[in-house]
Amino acid sequence: KPDTDLLKSDTDLLKTDTDLLKAETTSTGDPESKTVDMETELPEVATTDKLEEEISDDEEDQTETPKPVGQPPVKKLRTQGGSSFREDPYVFFTEDEPLWLNQIKSFYNVKPSFPHRQLLTRSTSGKKRKIYCVSALVRDVLINNEDRLKIINTGIIIWQRSEAKGVDCDFRFSQEGIYTIAPYIVDRRVSLNKTDLATLLIEASPQLTALSDEAQTQLNNIGMGSCIVDYIDTSVQDEPPSKFLLCAWRGHSTLRIYVPKGDRMHYLRLLDYSQPELVIKTESNDT
């Protein structure tokens, strides 16, 4: 019996030790097991933070002011006087423009009805190279919108600078605007026949003696400088006559026209030259 009591006592002690071990494990926990639990919990914490950020972003998007639909951004106005671009100014002739009164009007004997205030240049100082002409409406638009519009080019060239010794006017006619200015020009005009006109178109700078007596008589009454050549073809009956206006230069002993080679060929075809490219001469004998 004593042996049996000892065996019970040992069994109770073993049971007590086992209970104590379980209690310690429950209170303190296994360090390795605790590390594993924390690692498994980290993704859950990160997922929660990400979800909170997404909710915050959605709230910010909802609070933003909605942008107007269909309205393009307002562009900055580019003015003529600003630094965004630079174009030569448009300077219109005044009522008492010296260049007009002292040279052009008197030299070409321009009719008073010509609206010279519609003439303009592209420089405020120095020698003016070209003189343009615009309509009255275009003139008003340019003057009233000088600082609002970017205009590259406008008008047609009426005169352009061509200085020559012994000539009182520094500007000659331009073929581009010859039909605009011709109705207002009284002097410095020459009427030629078909043969004389063909001579001017074929020769680069023919002598005055190569023209008809009638043409020479008219040219003797015109001093050196720019002039207008008139041609009227009345040979074809029952049809309106063909009319040509060409700008020319009367030299000391020559007469030449300021017409490009391509236009010369065109006019020669109108004068019944089937192959004008074979007869046009390009050498110049102007004096």
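Start at S191. Select S191 together with D230: in this predicted model, S191 stands opposite D230 of strand 7. Now widen the selection to the two strands. Strand 6 and strand 7, the latter spanning residues 225-233, pair in the parallel sense. Three bridges join strand 6 and strand 7.

**Helix 8**

Select residues 261-270, which make up helix 8. Show the side chains of R264, M265, Y267 and L268: these are the buried residues of the helix. Why do they sit on the same side of helix 8? They cover an arc of only 165° around the axis, and that puts them on one and the same side.

What do these buried residues pack against?

- helix 5, residues 178-181
- helix 6, residues 194-202
- strand 8, residues 242-250

Then step past the end of the helix. D272 follows helix 8, and its phi is positive, near 75°.

**Helix 6 against helix 8**

Two packed helices are described by the angle between their axes and the distance between the axes. Here helix 6 and helix 8 pack at an angle of about 155°. Their axes are 10 Å apart. Angles over 145 degrees count as roughly antiparallel, so helix 6 is roughly antiparallel to helix 8. The crossing of the two helices is left-handed.

Zoom in on the contact. On the helix 6 side, select A198, L200, L201 and I202. On the helix 8 side, select R264, Y267 and L268. These two groups of residues meet.

**P112**

Last stop: select P112. Where does P112 lie? It is in the loop between helix 3, residues 98-108, and strand 2, residues 119-121. Is P112 buried or exposed? Its relative accessible area is 76%. Exposed means over 50%, so P112 is exposed.

P112 and Y184 are 72 residues apart along the chain. Their C-alpha atoms are separated by 8.3 Å.

Notes: Residues are numbered from 1 along each chain as its sequence is written. This is a predicted model: local features need pLDDT of at least 70, side-chain atom pairs count only at pLDDT 80 or more; totals for chains, interfaces and linings use all residues. Side-chain values use heavy atoms; hydrogens and water are left out. Two strands pair if DSSP finds at least two bridges between them. Helices (H or I, at least four residues) and strands (E, at least two) are DSSP runs, numbered from the N terminus. Buried means under 20% relative accessible area, exposed over 50%, partly exposed in between (1.4 Å probe, protein chains only). The arc is that of the directions from the helix axis to the C-beta atoms. Contact means heavy atoms within 4.5 Å. Axes are lines fitted to C-alpha atoms, for helices over the stretch in contact, and angles run from 0 to 180 degrees between N-to-C directions. Angles under 35 degrees count as roughly parallel, over 145 as roughly antiparallel, 65 to 115 as roughly perpendicular and the rest as oblique. A crossing is left-handed if the near helix is turned anticlockwise from the far one by less than a right angle, and right-handed if clockwise.
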